[in-house]
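Me: Hi! Could you walk me through this protein in plain words? I'd like to ask things as they come up.

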Amino acid sequence: MLTSKEIRESFKTFFASKQHLIVPSAPMVIKDDPTLMFTNAGMNQFKDIILGNAAAKSKRVADSQKCLRVSGKHNDLEEVGIDTYHHTMFEMLGNWSFGDYFKKEAIEWAWEYLTEVLKLDKDRLYVTVFEGYAPEGLERDDEAAKIWEQFLPASRIINGNKKDNFWEMGDTGPCGPCSEIHIDIRDNEERAKIDGLTLVNGSHPQVIEIWNNVFMQYNRKADGSLEGLPAKVIDTGMGFERLCMALQGVQSNYDTDVFQPIIQAIAKLSGKSYRDNEQTDIAMRVISDHIRTIAFSITDGQLPSNAKAGYVIRRILRRAVRYGYTFLGQQKPFMHKLLPALIDTMGDAYPELISQQDLIQKVIKEEEESFLRTLETGIRLLDKVMADTKAAGNSVVEGKVAFVLYDTYGFPLDLTELILKENNLSTDIEGFNVEMQKQKERARNAAAVETGDWVVIKEGDPVFVGYDFTDCDAEILRYRKMKQKNQELFQLVLDKTPFYAESGGQVGDSGWLIGDDEKIEITNTKKENNLSVHYSTTLPKDLTQAFKAQINTSDRQATACNHSATHLLHEALREVLGTHVEQKGSLVSPDSLRFDFSHFQKVSEEELRQIEKLANEKVRGNFGLEEHRAMPIQQARDLGAMALFGEKYGDEVRVIQFGSSVELCGGTHVASTGNIGMIKITSESSIAAGIRRIEAVTGAKTEELVNSQQELLKELRGLFNNVPNVAIAAQKALDENSVLKKQIEEYMNQRVASLKEELLKQVEVRANGVQLIRLSADLSAEAVKNIAFQLRGQVTEKLFFMAGTVADGKPLLTVVLSDDLVKEGVNASNLVREAAKLIQGGGGGQPHFATAGGKNSDGLKAALDKLIELSGL
């Protein structure tokens with residue numbers, strides 16, 4: 001039996017023999033495509049080639065690609081773990097042809113690999129072809145069907161509809177008919193009962209698609225119409241995990257050697273056995289799948305967070321933790337302990353798992369600890385909700401309440417349902433769904449971007465000249481209209497541009513397009529499918545005229561200073577803290593720089609000073625820029641440049657060198673380090689487990705910072721009569737203030753004690769025996785509370801204390817009751833809430849103690865009278 005490692009390697013070897021270039025997997029996290037957060041198909045890294053925006057280095061390519069499907073059109077998340085063949089992260093084995101071979105070779109090689117190399121049973125294979133779609137004028141794919149007839153009887157060549165057999169990347173983009181290969185892995189007895197032909201595309205867990213051959217020849221436009229691609233493309237994708245299942249003679253992807261080592265590690269940690277119980281089996285499958293997704297995302301530079309791709313990863317991690325918490329009894333962090341099992345399985349193919357093991361484990365453990373605290377908080381809140389629901393005589397918790405638990409506190413709905421069921425309660429699922437839909441609509445409206453089709457003005461290939469020039473003559477190649485947050489914008493592509501497009505942590509350039517009689521402002525420049533896209537709020541009157549494209553040079557220079565400074569800081573960090581330091585993110589703008597790096601403890605003040613000193617020594621050294629624009633990547637590594645995990649590099653790279661600082665970088669930089677002026681670190685903080693962040697300014701911004709600090713110091717000296725040493729004077733003032741505060745506290749304690757004694761002498765005993773004590777004074781809320789609870793400690797029966805006080809001009813109502821009055825049904829919170837209306841305020845609290853603030857001090861007397869009226873005294 002072939003192992004998963006052998007299967008992966010055999011695929012690459014086979015297609016290498018067919019003159020395919022074997023390329024490494026692209027990062028799973030996508031950074032320069034606004035239409036995607038994650039690689040969800042093998043073709044993503046070749047999208048630029050397919051669209052004609054980049055030239056193919058080889059017309060034949062094959063690889064094993066890390067993919068992730070959890071959001072958007074291809075959303076498999078809720079099925080993961082429930083069935084046996086859906087996953088979040090999966091590997092896609094694929095081969096591509098860019099304008100070279102087409103259907104004949106793709107089909108013949110697929111059949112050869114499956115039946116002659118892997119020796120799959122031909123009688124268990126079925127294929128589908130596109131049946132056509134009349135509304136779009138698309139005919140049946142007779143060409144593919146005829147090729148398949150060489151290998152299979154016509155009865156096993158099945159017509160597939162547009163949904164199953166016309167592949168599309170998304171609402172727009174590359175697409176075309178496809179031909180799927182399905183396999184029936186049921187036992188012979190089952191196959192004899194039901195013909196596998198009837199189960200193809202029927203969601204049967206043992207009659208599944210393993211390979212999809214996409215014959216990509218169209219581009220779907222925003223208006224829904226189709227146009228031909230520049231060159232026909234073959235794009236095939238074979239689910240690696242499913243192939244392993246078929247070859248290893250098991251009935252589930254999770255029974256293959258891809259997942260079993262991880263599942264057995266989960267079983268050992270939890271003390272439970274796989275296949276003993278359906279619920280625990282699902283939990284183990286969920287966790288074994290999700291640990292892969294989380295680990296690979298972290299290696300690609302995407303940490304869990306509350307925004308965009310980071311939120312997706314956090315959601316997946318929390319789903320796994322919740323399954324472990326609910327069904328495996330894991331109430332302490334456990335997922336980080338599964339990493340060795342994952343590395344044993346996939347570390348050879350993906351060495352980044354090994355090199356970043358410490359970071360992955362620390363990040364996962366911290367996220368687990370955080371979510372487990374969230375679960376505990378949610379359970380406490382749910383306990384109160386259940387008590388309130390039962391006290392009101394209800395058995396159903398409002399859907400809105402369940403949604404608040406989910407949305408605000410991250411408490412999963414199914415866990416809410418489980419706990420409620422154990423307490424003979426339920427929740428209003430319909431109400432929950434209504435609230436969820438409202439939130440989705442809010443998010444959709446906030447993020448909605450409408451883009452039209454590109455309007456081509458002239459043909460041509462865009463050229464970036466911004467490394468050498470800050471302006472150039474340019475013409476518009478194409479443009480399109482877009483709408484975001486109700487703002488209409490235009491995107492322009494130029495034949496030549498000096499504008500740097502946002503990437504690699506550096507913000508995009510702004511500037512102008514200058515025509516014969518108009519000046520169009522370019523507000524931003526971003527990269528989309530390898531195109532530099534220029535944003536403007538207006539469109540030129542004459543789109544065909546020649547323009548002068550000119551960037552904002554002051555912003556560019558400030559940005560370049562900050563970008564070059566990040567390189568010097570990176571080198572200094574590694575020198576001071578150690579070579580374990582690796583860049584994990586950055587943001588470079590005209591105003592400042594931000595640099596994230598791996599390090600497992602706070603950087604001390606002394607270390608920060610040393611880092612800053614080393615970097616500024618390089619600034620003063622005035623090292624000239626040594627730029628290598630097309631250096632072979634191995635030569636760059638030999639020079640000392642580090643390749644960052646999560647970044648996509650070609651065979652040739654751009655290298656930026658300032659003295660001993662060597663980096664792979666596509667950004668803009670100063671001509672020499674002296675241009676930076678000075679680097680000043682302004683903050684150091686933690687952004688995740690094992691990830692630190694420094695922020696800094698350079699050049700003119702450093703000057704502004706120093707000037708503002710000097711002005712502040714001058715003002716402080718003035719407050720202390722211009723003493724030479726402000727620190728000593730400030731400490732003396734703090735010490736004196738501390739003494740005065742203690743004296744005030746002693747005075748207030750004496751006043752509280754005196755007031756309490758006076759109030760005890762003024763107790764009003766009502767007809768029903770209630771001991772009413774009222775207070776009106778200018779007192780702080782803390783003093784009133786102290787008096788109230790001291791009285792409650794002495795007057796233990798029939799106590800009704802109420803106070804109408806003023807502090808800093810603001811009125812406050814306070815009510816404290818003895819326990820026996822509370823048992824009789826008197827509720828301080830209800831009383832205060834109603835009486836507070838008379839001081840134009842609101843409040844509440846507990847049945848025995850409640851307060852309310854307001855705006856109208858003149859209403860305090862009426863509010864106190866209202867309290868007596870409401871209580872029935």
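Me: Let's start with Lys584 and Glu582: what do their side chains form?

Reply: They meet in a salt bridge, at 3.9 Å from N to O. A salt bridge here is a side-chain nitrogen of Lys or Arg within 4 Å of a carboxyl oxygen of Asp or Glu.

Me: Is Lys584 buried or exposed, and why?

Reply: Lys584 counts as buried because its relative accessible area is 17%. Buried means under 20% relative accessible area, exposed means over 50%, and partly exposed lies in between (1.4 Å probe, protein chains only).

Me: And what about Glu582?

Reply: Glu582 is partly exposed, because its relative accessible area is 26%.

Me: Before I go on, where does this model come from, and how are residues numbered?

Reply: It is a predicted model, where local features need pLDDT of at least 70 and side-chain atom pairs count only at pLDDT 80 or more, while totals for chains, interfaces and linings use all residues. Residues are numbered from 1 along each chain as its sequence is written, and side-chain values use heavy atoms, with hydrogens and water left out.

Me: What is the mean pLDDT of the protein?

Reply: The mean is 91, and 98% of the residues reach 70 or more. pLDDT is the predictor's confidence in each residue, from 0 to 100.

Me: Which elements have the lowest and highest mean pLDDT?

Reply: Strand β12 (residues 449-451) has the lowest, at 74, and strand β18 (residues 496-497) has the highest, at 98.

Me: How many helices and strands are there?

Reply: The protein has 25 helices and 36 strands. Both are DSSP runs numbered from the N terminus: helices are H or I with at least four residues, and strands are E with at least two.

Me: Back to salt bridges. How many are there?

Reply: The count comes to 49. One of them joins Glu168 and Arg220, whose closest N and O atoms are 3.0 Å apart. That pair links distant parts of the chain, with Glu168 in strand β6 (residues 166-168) and Arg220 in strand β8 (residues 207-220), 52 residues apart.

Me: Are Glu168 and Arg220 buried or exposed?

Reply: Both are buried. They also belong to a network of salt bridges that links them with Glu136 and Lys162.

Me: What about Glu684, which residue does it pair with?

Reply: Glu684 forms a salt bridge with Arg692, and the closest N and O atoms are 2.6 Å apart. Glu684 is buried because its relative accessible area is 11%. Arg692 has a relative accessible area of 11%, so it is buried too.

Me: New topic: which residues gather in a patch of positive charge?

Reply: Lys332, Lys337, Lys362 and Lys365 do, on the surface. Lys and Arg count as positive and Asp and Glu as negative, while His and the chain ends are not counted. The place of a charge is taken as NZ of Lys, CZ of Arg, CG of Asp or CD of Glu.

Me: What makes something a patch?

Reply: Patches are made of residues with over 30% relative accessible area and no salt bridge; like charges are joined within 9 Å, and nonpolar side chains (Val, Leu, Ile, Met, Phe, Trp, Tyr) within 5 Å. The areas come from the Shrake-Rupley method with a 1.4 Å probe, and for residues only the protein chains shown count as cover.

Me: Where is Lys362?

Reply: Lys362 is in helix α13 (residues 357-391). Lys362 has a relative accessible area of 38%, so it is partly exposed.

Me: Which residues form a nonpolar patch?

Reply: Leu712, Leu713, Leu716 and Leu719 form one on the surface, with about 370 Å² of accessible area together. Leu713 sits in helix α20, and it counts as partly exposed because its relative accessibility is 36%.

Me: Which loop holds Asn721?

Reply: Asn721 is in the loop between α20 (699-719) and α21 (726-761). Asn721 has a positive phi of about 60°, although it is not a glycine. Its relative accessibility is 70%, so Asn721 counts as exposed.

Me: Last one: what box do the C-alpha atoms fill?

Reply: The box is roughly 105 × 75 × 55 Å, taken along the principal axes. Of the protein's 873 residues, 50% count as buried.
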